[in-house]
Amino acid sequence: MLSPYLLLLLVPSPPLAAFLMLGLDPFFLRRRAVQVLALLGGVAPFFVMLPLAAVCFGGECHGVVPVFTLAFGQSEVALALLLDPMSTLVGLTVAAVGAMVITYAIDYMSDAGVADLRRFFALMNLFLAAMLTMVLAGDTITFFFGWELMGLCSFFLIAYNTGLPQAVAAGRKAFIITRFADAFLLAGLLLLFLEANSVRLDVLIPAGATMTEDRHLVIALLLLAGALGKSAQVPFHTWLPSAMAGPTPVSALLHSATMVAAGAFMLARFSPIVMSEPLVQAIAAAFGVGTAAFGALSAIFQTDVKRLLAYSSISQIGFMVLAVGLGAPEVAIGHFVVHAMFKSLLFLAAGDITHGSDLGTSMKAMRGAARRRPVAYVAYVAGAASLAGVPFITAGWWSKEAVLSAAWNTGPFGIAIWALAFLTAICTAVYAFRPVLEALLPEPEHRSRAPHGHPLALNLHHRARIGSGFITVPLVVLATGSMLGGVMVAPIISFLGAEVPHAPHLPALLAAMAPFAGLIGAAALTFVPSLAAAVEGAHDMRRPTRLDHKFQIWVIEPYIRLIRWLSRDRRPRDADLDFERQVRLIRWLSRGARMDGVYQALVVRPFVNLVRWLSGHRGGGVDPVGSAPVALALRLTQAVVGPLAHDRFDRFWMRSANRLVRIWVMARAIQTGRSRDYALGLALGTAALLVIAWGTTWN
Amino acid sequence: MNAATLSILLLLSAGLFATGFFGLLARRAILFQLISLELMLAGPALGFIAGGAYHGGQTGQAMFVLILILAAAEVALGLALYLALRRVADVEDADTITRLRH
Amino acid sequence: MGYDMELTALILLPFFGGIAALFAGRFGRDAERWVSIAALALALVILILAFLTPGDGRWIAFERFDWAPSLGMQVILAMDGLSGALLVVSLALGIVSVIVSWKITEHSGLLNAALLWTVAASNGVFLSFDLLVFAFFWELMLVPAFLLISVWGHGDREAAALKFLVFNAVAGLGLLAAVFYLGASGEVVTFDAFEVAERDIPHGVQVLLLLGFAAAFLVKLPVPPLHAWLPDAHTQAPTAGSILLAGLLLKTGAYGLFRFPPMLFPEGFATLAPWGMVLGAFGSIYGALLACGQTDAKRLVAYTSVAHMSIVLMGICGGVYFSLMGAGVEMVAHAFSASALFLLIGALYDRTGTRDLRELGGLQQSAPRFAAAFAVFFSAALAMPGTANFLGEALVITGMFQVNWIFASITLISLVVSVVYATRLFKRVVFGKARRSGVVEDLTAREMGPIVLLAIATLLFGMLPQLLMGALEGAVTAALAPVAGP
Amino acid sequence: MSGLLALWCAAVALACAVLAVTRPVIVHALIWLVAALLSLAACFFALGASFAGAVQVLIYAGAIVAVFVFVVMSVDTSAEARGRERERLATGWRRPAAAVILVAVPLVAGLGVGGPALVAPQGTAQGSLGALLFGPWALAIEVASGLLLAALMGARHLGRRGAGE
Amino acid sequence: MPSFPALLPLLFLGFGAVAAMLAAPRLPRLSRVLAALALMAAAATLAARLWAPAGQSALLSDDGLARSAGMMVCLAALGSLAFLRPGGPSKEGPALILLASLGGLMLAGATHAASLFLGLELVTLALVALFVLPLTRAALEAGYKFLILGAAGAATLLMGLALAHAASGTADLQAFAGRGMMLGLATALLMAGLCFKLALVPFHMWTPDAFDGAPRAAAAFAGAASKIAVVAALVRLHTLAPPEVWAIGLGLAGGASILLGNLVALRQDGIGRMLGYSSVAHAGYVASTLASGAPMAAEAALFYIAVYAPALLAALCVTAALGPEARIADLRGLVWRRPLAGGAMALALISLAGLPVSAGFFGKYIVFTALIEGGAWTLLAMAIAGSALGAYYYLRFVALIFRRAPDPAAPFLPAADRLLLLLASAATAVLGLRPDLLLDPLRRLLP
């Protein structure tokens, strides 16, 4: 009898097939065919996942479908797909979000050329297939296969606008940084394999949990590093905001349920190994909460919706990592599911609102959204509420509350974490509501557009207020999920076999207040001109010209006085300087703590110098450009400039050759051409022979 | 004839050989070089005759005859070459015949 | 064992095919090319038939006959999975190289002959187990390759060809000297590798002899600091020459290292292997870094070859099951992926007349098929899972973790750097706007054929690695046994 | 007694030879050459090799030197040429002398000072020189004629006014 | 006197020489044909008696070594004759080549001081006459140097023979089997004469000049035929186990020749000069093989020089076709202009470099084997270093042969040249695949 689990093989197959069809283009597909194929490939996994999920929820949730087995000498490598509660849940989420995003993209990308469309959807489908493969993987090889394939696709997708240098640079940056983290993961997985002599997760994870101490620690740290890189956690976070250069559906897919979240999923998957080391656990929790706080702070000061959402992803996944670090991977998965829904919703809605605007995806493009695209706006509001964690009515509250409670319950140390997470939650609400409130502002006055602008941009105001079904259905579905999904959080956690953590009333109440505090903050940032200008100015790197003196006097001034009094600073005050400081802080935060600069100094520049030193290029001066991706691209460009030089070993060989030539010149001088000299040679040779003869016979 | 005499004769023959060799090395005029060659050949000639006299065979004298033939042949060729060189290149100094070198 | 001709045929068929191609041009247009393809295809058929007939366990086929008995010479040809796999590579790449040089009309008879002779000689290297015959084919290989570079090359081709030749010929002398010593040092003069392997050679002598062998192999591989000939040779060689250089000649070095040191000098190999690994680790980083700094696309790929072959060296010297298997897989995988990249760059050069990265670009827009092909082999170059290259490198890393984690880490770093140069190549060639090249014509059907073949090979061995690894099993355990033995 | 005579004649020959190679004038050198050759002939007679002595006088000192004389007649013998020749010898004798001494020292050391223990006279079968030369050695004589033939052809060819001029 | 069949080749050559000389002034073409016929007849007679029982006469030995070496001398002489340019004043060429071959035959069979010395001198004087054939200044210069040095070498050799004769009372070469100071000195002097003929450092100075200035055919005879004969004589002396100075001197001279010859040839641009220096180096390989003292040294040396000969003949034949001042640039694209000439030249150079599929590879192989067998590690190292240098400069020339040439002017090749190139290439290629075809007979023929 055929096992129902065989259906597992069919989950990643449709998008893969769609990728092959679109990628190889055997039939010279037309636009409509491309769209149909893409849609089929994108949606089918969800409908295959459904019966599987039904089986799983029915209670029989452990299916392994072997793909094939390799014999490696004494070891065996058995590739398989695995269905267990975690993969069911995550797979279902991914399939659903993927289906929504691809559906949305059908309309969103409709103005691209056929060839580009084909490429786009081929890659999107491949991406989806890769993520599904990774989620359903029953062994480390398949897992890593999906994991890496996502990295590759992210490169192509982020660099989708191949003519745009910063898009290409962002793609490279994403690929290189994640590849760096992947190296850790690969090392960890290979060590695990050597330790357990198997690649099957169901064998390997229990075996891994009972390893010897030192090995265990190393492997756990390696896996953690891999996850942090893929999930854009703090030291590695820089690629994610740059990756916004890709089209909106790409961002939506990348940052909600797939790529970025894959790290958190991986940690949850391998939590028996990773989390059995208290040290690693503490590190994970620290990184998680740190990233969450940092991401939220940075997000507050963004002026670009997509970058804001990117930092939000960093922050939210920080929560997931935190949950894993607290020993509650089930909670992390719960947050994963919810986050996937509201984050994709936010991206899709924001993308729809700003689509075709000549302001790109900047915050200003949100203005007037309620009037222009009411459905999308409502959807955005729903998503933002869920992100902010408005109590009871949004899904986000339930999952975030679970994380916070888990932190509170960990003990005294956990309370500190809880406090930080609580502050983060307030910040989250601040940035979540900023675009919502921004949309309430009147639209900026209509500037004349350059004729070469985006072709659709001209139609911006002539667009229908309600988008086509391809746009509306995903928005509605996801918005519903984001709001009502909260009821699923507890079942999810218990389905995964854990208790839903409950905090005492006080912290729970406080946490419930956070969104409202955030809302006030957002309002301040949006409607108080001085603050808005500060945020704005931090980006334009110009001093704002108009300040609201009242705000200055009532808020900023006392704060500065307090600081000065505390630090016993008696120097005369310089208002400009103060403002500078303030702006600099904002700028620092909005640039992701300038981590790019650190990388530039610590990694990229030495690397380039090394390469340049090795390949003998002459360096040329390049302006330090503020934006790091461009700088990265320029740095590598610079390494290219210069003549095609030989490397050092080559020079060594050539030098010895020259030395030989010099000896040759000396040696040929012996042949003087004079017969007397020749005869002299004869005489000397004879003499030498005679001396030898005399010497050998003399005794 | 005793061994000592032979020894000294051989020494003298070596001396003749060496003298001729010296002439060949030291003299630059082609004709002098040819004369020196004759003296060089006289050394082994004396050696063969002395050896033959000591050992009492005819071999030494027979070898001398062959040496003589060689000397004659060499002189003939050498002088012809000398004349040809003088005619073609107008040289009599061996040191100036250095077009082929290195 | 009976005396069959199949292995001899695998060497002689391309050889005589080459002679026929030399004169076939007189009998019709493109006749020499068809003759070449026919000879190689026939050899491929014979090879497949040899695979299908049952062997004796260790060897798929084995032949031995006298050649010049008075010199202690005989011909011993033996094929196991490793040689078989490399023979498939060599014949397939032979066909590919004939196809890609279809448009070259200058001395086309000699061109095809040189291609076939290169294949014939490297087949000889892969099959010979008489050390002298091995050395003979080893040196013979240089001649047609030299011709390929110096006659049909680009730019400063003579200098490059000479550099290639001198490096390899000089290094070959080390091999020759060691082989001669081995042959002459026994009680009877014999070059039979199996007999020589039985001998008890003192440890110091083993080390010396191994150094002689290694000189030839490491230069051919090539591993820094002995690699200086490779970038020049690759850059100046015609496309077909680059393909054979990367796909075949480099592999002969790896094959030699794989086969003979563990077999002939187990103790000496054990002594020197750590140094081999150090060299390989250094080379893997060094090659990758230099690849990052190149502006010539072919040179870039050439340096990636240095990096990848260094990883192969590391795998072989690792001497554990995984690393050896990884090295074997990587050899085959790199043959396909590197030759495909050379093919693509060659095709691009034919169209644009430049290989300068600063002048190329925009393939994505003007030639999507070109771009797609680039993408596939780009993935292979940076060892994307699913390609055979990943399998090879992952296995080497696994083995290295068993030997010494530092080497494993270095390999991982080179894996990361590979992304830098690969994306750079891709960015410059496929993305961006066409700088000088303008609109590039997409790949033609004749070019697509070989590319599809190579892509299928790369992905097939990556997805279904048991095809390859099953074949390599015997050779790997054989290389393992003397090292691991008591 | 004959031994002493032979030694004396050989010594004279050596002295003449030394003079012959050091004379600046070609004619003088030639005369000393003849003297050396004649002394050698005397030495040969003293050693009992009368045929060799006779041949030496007739062919060597006679015929060969005669050929020389013909050539020497065309040579510049002016005082200037003599001075040039003397100067050439004066400037360039050291290196040749050193080389020759290097050759001579082992020879002298081996033959004279070291005193080789010579084997006793080998009693080879006595026979006439003619029987030897026209018996077993006939081939050698024939080939020696080839030697002369080659020299003759060469000399004759060189005497032509050839293409090289 | 030797038996008549043994005498027959000598008679062919001697009478052939006289006939050719007589025919030369009026019928130069007939003279060439006669000379060729005489050489062929001599070679055929030798070949027919190759396996006959050995004989011995007063002066000459009639054994396998003499016959095989003599046959090779005749064949090499035939090769030189093929491209000895007829016409002009040089009508005596064929006769002189026959005389020189006669000397070579004597040398190959020499067991006595008289035959050794006569053979050597006949070769020398005939070669001097051959060198000066064009009567150009360069030819005269080469001839003069060769004459002067040759005579000095002959005197040295004779001095050695005289000492040996005085020491042992016999002029038989057997005398050199003894020991003692006088014999040691005699051996040293004898070696100086032989090394001069073999062109070993420091007795080699005439070689490059001769290869450069003399007619290429004469140089080819000096490099191929005469060296085969000298090597045969060396081998014969070698088997007598002469005093210690023999091995030491040969080793030193051989090693020095390998290094210096290859080094100076490194960047020579004149093809003739390059071949001249390289012939010094090749002589060095032979000498060091004999010096190694390996049991197989004799056959190795003879095999080496035998496979060197066709390569040198082919290379010099092509060089001759390129004109009197052939330089490396003249080779450019030769294979495209004259496929036969270019191919033969390339094969010859590859063989000289000792690369596979050429007889030269096995020459090097067997020499290295002998050096290893004899434990002559220093010489082996020198030989390896020399081969590396050799590979470099030969391949420089090979590279140029295949380079495309701007001017399509093709050198003229007469039929005889073409036949020679074909045969020499065939010999090189066949021996490169089946060295045992030559090596096995040699091994059985040598004592």
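Where does α3(A) bend, and which proline follows within four residues? The bend is at A:Val43, about 30°, and the proline is A:Pro45. By bend I mean the angle between axes fitted to the seven residues ending at a residue and the seven starting there.

Ground rules before I go on. This is a predicted model: local features need pLDDT of at least 70, side-chain atom pairs count only at pLDDT 80 or more, and totals for chains, interfaces and linings use all residues. Residues are numbered from 1 along each chain as its sequence is written, while chains are lettered from A and ligands numbered from 1 in the order in which they are written.

Back to α3 of chain A. Helices (H or I, at least four residues) and strands (E, at least two) are DSSP runs, numbered from the N terminus. This helix runs over residues 31-57, 27 residues in total. At 1.5 Å a residue it should span 39 Å, and its end C-alpha atoms are 40 Å apart, which agrees. The expected span is 1.5 Å times one less than the number of residues. After the helix comes A:Gly59, with a positive phi near 120°.

Which residues of α3(A) are buried? Among them are A:Val34, A:Leu37, A:Gly41, A:Gly42, A:Phe46 and A:Leu52. The proline, A:Pro45, is also on that list. Buried means 20 or more other C-beta atoms within 10 Å of a residue's own; exposed means 12 or fewer, partly exposed is in between, and C-beta atoms are placed from the backbone. The cover over these buried residues includes α1 (7-10), α2 (13-24), β2 (75-83), α4 (85-108) and α5 (114-136) of chain A. Contact means C-beta atoms, placed from the backbone, within 7 Å.

Now chain D. It has seven helices and zero strands. Of its 165 residues, 42% count as buried. Take contacts with a separation of 6 or more: 56% of them join residues 24 or more positions apart.

An unreviewed UniProt entry annotates "transmembrane region" at residues 30-50, 57-75, 95-119 and 131-155 of chain D. Positions are in the numbering used here, feature names are shortened, and annotations may be inferred rather than shown by experiment. Residues 57-75 are 84% helix and 0% strand, with end C-alpha atoms 25 Å apart. For residues 131-155, the figures are 88% helix, 0% strand and 32 Å.

Who touches chain D? Chain B puts 63 residues in contact with 72 residues of chain D. On the chain B side, α3(B) gives the largest share, 22 residues. By class, that side has 46 nonpolar, 13 polar and four charged residues. Ala, Val, Leu, Ile, Met, Phe, Trp, Tyr, Cys and Pro count as nonpolar, Asp, Glu, Lys and Arg as charged, and the others, Gly among them, as polar.

Last, A:Ala264. Leaving aside neighbours within four places in sequence, its contacts include A:Ala227, A:Ser231, A:Ile317 and A:Phe336.

Note on methods:
Two residues are in contact if their C-beta atoms, placed from the backbone, lie within 7 Å.
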